Amino acid sequence: QVQLVESGGGLVQAGGSLRLSCAASGRSFDSYTMGWFRQAPGKEREFVSAINRNGAITDYADSVKGRFTISRDNTKNTVYLQMNSLKPEDTAVYYCAVAKYGSSWWGRQSQNNYDYWGQGTQVTVSS
């Protein structure tokens, strides 16, 4: 059984920073692409970022490019999302997820290609 536990969310003013963490257990963490998604009130869950199994390749949604950085530490089975220059529109519940097909990079922006999800952590950015 895979378990993902996110942490690091909170309330921050616009322009501020937060660092989210996602600790994984129950699977060979370093064999899997990992992703971050978010869901704002009244909206569908959307892709934020993904990282390949060794951290060498990353991908970002256009809305966060240049402000967010994804990274991973396979020795700690943890993936991170550093969020800088936060905006009110970044307010959402943020989820990390493990890819269904191991190290596959194809389909990384689709939530249908992830099969385990964390419980989510709330990020609120005030204006």
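User: What does it take for two strands to pair?

Analyst: Two strands pair if DSSP finds at least two bridges between them; strands themselves are DSSP runs of E with at least two residues, numbered from the N terminus. The structure is a predicted model, in which local features need pLDDT of at least 70, side-chain atom pairs count only at pLDDT 80 or more, and totals for chains, interfaces and linings use all residues. Residues are numbered from 1 along each chain as its sequence is written, and side-chain values use heavy atoms, with hydrogens and water left out.

User: What is the strand order in the open sheet of four strands?

Analyst: Strands of a sheet pair through backbone hydrogen bonds, either parallel or antiparallel. Here the order is β1-β3-β8-β7, with antiparallel pairing. Because β1 (3–7) and β7 (68–73) each have a single partner strand, they stand at the edges, and one side of each lacks a neighbour in the sheet.

User: How many bridges join β1 to β3?

Analyst: Five bridges join β1 to the antiparallel β3 (residues 18–25). Within β3, A23 is the bridge partner of V5.

User: Which residues touch the most other members of the largest nonpolar core?

Analyst: A nonpolar core is a set of buried Ala, Val, Leu, Ile, Met, Phe, Trp, Tyr and Cys residues joined through side-chain atoms within 4.5 Å. Among the 35 residues of the largest one, they are W36, L81, M83 and Y94. The largest share of this core, six residues, comes from β9.

Definitions and conventions: Buried < 20%, exposed > 50% of the residue type's maximum accessible area, 1.4 Å probe, protein only.
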